[in-house]
Amino acid sequence: MNIICTHNLTKTYSHKDGTIDAIKDITLDVEKGCFVTITGPSGSGKTTLLLTLAGLIRPTSGSFSFLEQDLTKVHDSELAKFRRRNVGFIMQSFALIPYLTCIQNVMLPLALIKTSNQKQIEEAKSVLETVGLGKRLNHLPRELSAGQQQRVAIARAMVNSPSIIFADEPTGNLDPLLSVEILDFLKEINQKNNITVIMVTHSPVAADYGTVKIHLDNGEIKSIN
Amino acid sequence: MNLFKLVWIELWNKKSQLISSLMAIVIGIGVIVGIRTINVYSEKAVAVKLDNLGANILVLPQATSIDDYYTADIDAPTIPMDYVEKILTSDIKGVDNLSPKLTRRVTIGNKKFVLTGIQPKNEIASKPLWQTTNFGKELQTACAPSTGENKSHGYEDEKLKRKGVDSLKYEECLLGAQVAKALKLKEKDKLKILSKDFIVAKLLDETGTVDDDRIFVNLKAAQDILGIQDQISAIEIMGCCNAISDGMLSKLRNLLPDTRITTVGQIVSTQIETNKMMKKTSIIFLIIILFVGSISIGNYMWANVNERRKEIGILRMIGTYKSEIYKILLMKAFILGLIGGILGYLLGTISAYYMGPIFAQIQVSAIPIFIVWSILISIGISILGSLIPAYFAAKFEPFSNIQED
């Protein structure tokens, strides 16, 4: 079953010197439960593709659907609803709210779907324990190491039991040892929880974790393995 | 976790920013509440005074300022006691009652009060010289309270209570309601004023006027303990209204050319003018605070929104609606307004409480309804100033802000 399908997906940015096609005519089917890695040189359109698939930016043309629901032209609030219910995000810069503690950061996605406070606490605790941060619940992000912060971000991505996790260079700010630890974790989530993972990376080591490996260049898919 | 808690945590996290952004609004609301509180009590005091004041003519030293009705006789220069006799032995008709006074501020313990020496009626009446005059006899004839012309001084004759103390011994004192409360004294207690012990003869009922803050002693005793012999600071005269309109004031001015002779109506009209000015000032402040407060809060919100672009981006990324971002920022504005309104009310009320007795010689207490107005105005200002920043914040693209790291 395909979780994401795209058809001739194109994103064009306007610039004073003309227009730039960040991605061009991307047609892609992603099966549920896949671990997709997207690689390519800088400026090849990896992040644009990821953000478009995640419903964070709108394509200029073409279409994309999630579980057969066309999301190309839905209202902004529908896209937000899609993200809050089905998607988890892991970013290179961790994207944590700095004044919220670990547990509060992880509780946020649950708060958006109106989960009771008690349940928020229980589920956030449980997922933080899973990522090995059970004793850091009330620490602020600045009190944690980079690897720990990324694990909080993973916990936040997992807590609302998403169908799909989008990861943009999740190991970009981490040393090789920590990178492997995070990648192993993503793999585990992918396999144990059957959560589809789409990950953008520069690293060949990270790219090897993918069951589907997409290589982009100049906004176009060069290869899919 | 919910949106309100998220806003609260963020505000709490940036307390110093919160305080600085609130300064303009708190001070502004405080000034308005302070002025209006004093204003309201001042108006009440004027109304009460008009009803209760016995005397309708004041003879004051020439240099006395009558800008403030309440302080006209306090710390005023003095005039000779002989002026009382001059009035009584003159051919001026219509003096129904007359009360010489000497008023000064005194400190008892650490508290400041107003000491007023008064001459009781029995002493005035006992002066052989005065018994030969028509003092007090004309009321029944010339001053019968009936005609509309009596309203010309701002009140009706039948409302006048011929205030005066029948007797007050040399060693006795009368305490205004606030004084008795502040010094925790009751009748028959002893009270040391400057160097002399007095016995509290009576606690006066609360009148809502400056008299509540006064200690009354016998005029001779006041002159002795203050070291101001044969001098007084004011003469209160209960003049017959018909006589006043028949030229009594000009006759008094001719008799005592080095004094300032004024009617209560004149003094009260000065106070009413002052009250009107205070009211206008508070409206001007309201307009200023509407501008300054909105700009201040708007500026804070704008800076806050820009500073938190990344956080807003994160919230949008994980699925927060634009409307919820808008709600978050307006909720923040609401909380700022609420805190600003409460603090402004407290600041204004506390200021009025301490400033009222100093500047207007009136006791002021909190006016609860003002807290509602303070909060409503403050929230209104805060939300008004936040609308544009909130609108732009809600339009932030989710991901572009996160990449700004």
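Tutor: Helix α1 (residues 46–53) of chain A lies across β1, β2 and β4 of chain A, and its direction makes about 125° with that of β1(A). Helices (DSSP runs of H or I, at least four residues) and strands (DSSP runs of E, at least two residues) are numbered from the N terminus, while an axis is a line fitted to C-alpha atoms, for helices over the stretch in contact, with angles running from 0 to 180 degrees between N-to-C directions. Contact here means heavy atoms within 4.5 Å.

Please keep in mind that this is a predicted model, in which local features need pLDDT of at least 70 and side-chain atom pairs count only at pLDDT 80 or more, whereas totals for chains, interfaces and linings use all residues, and side-chain values use heavy atoms, with hydrogens and water left out. Residues are numbered from 1 along each chain as its sequence is written, and chains are lettered from A and ligands numbered from 1 in the order in which they are written.

The strands under discussion belong to an open sheet of four strands in chain A, with the order β2-β1-β4-β5 and antiparallel pairing; two strands pair if DSSP finds at least two bridges between them. At the edges of this sheet stand β2 (18–31) and β5 (69–70) of chain A, each of which pairs on one side only. Within the sheet, strand β1 (residues 2–15) of chain A and strand β4 (residues 61–66) of chain A run antiparallel and are joined by five bridges, and for A:I4 the bridge partner in β4(A) is A:F66.

Between β4 and β5 of chain A there is a loop, and A:E68 is found in it. The phi of A:E68 is near 70°, which is a positive value in a residue other than glycine. A:E68 counts as exposed, because its relative accessibility is 75%; buried means under 20% relative accessible area, exposed means over 50%, and partly exposed lies in between, with a 1.4 Å probe and protein chains only.

We can now turn to another sheet of chain A, an open one made of six strands in the order β6-β7-β8-β3-β9-β10, where the pairing is mixed. The edges are held by β6 and β10 (220–224) of chain A, each of which has a single partner strand, so one side of each is left without a neighbour in the sheet. Neighbouring strands of this sheet are turned by 20° against each other on average, if direction is ignored. One pair in it consists of strand β3 (residues 35–39) of chain A and strand β9 (residues 212–217) of chain A, which run parallel and are joined by four bridges; the bridge partner of A:T39 in β9(A) is A:H215. Helix α6 (residues 176–192) of chain A packs on the sheet and touches β3, β6, β7 and β8 (196–200) of chain A, with a direction that makes about 150° with that of β8(A).

In the edge strand β6 (residues 87–91) of chain A lies A:M91, which counts as buried because its relative accessibility is 2%. A:M91 and A:G172 are 81 residues apart along the chain, and their C-alpha atoms are separated by 9.0 Å.

There is also a pair of helices to follow. Two packed helices are described by the angle between their axes and the distance between the axes. For helix α4 (residues 117–130) of chain A and helix α5 (residues 146–159) of chain A, the axes come within 9 Å and cross at roughly 130°. That makes α4(A) oblique to α5(A), since angles under 35 degrees count as roughly parallel, over 145 as roughly antiparallel, 65 to 115 as roughly perpendicular and the rest as oblique. The contact is made by A:E123, A:A124, A:V127 and A:L128 of α4(A) together with A:V152, A:A155, A:M158 and A:V159 of α5(A). By class, this contact has seven nonpolar, no polar and one charged residues, where Ala, Val, Leu, Ile, Met, Phe, Trp, Tyr, Cys and Pro count as nonpolar, Asp, Glu, Lys and Arg as charged, and the others, Gly among them, as polar.

Finally, A:S161 has its place in the loop between α5 and β7 (164–168) of chain A. Although A:S161 is not a glycine, it has a positive phi of about 45°, and A:S161 is exposed, with a relative accessible area of 56%.
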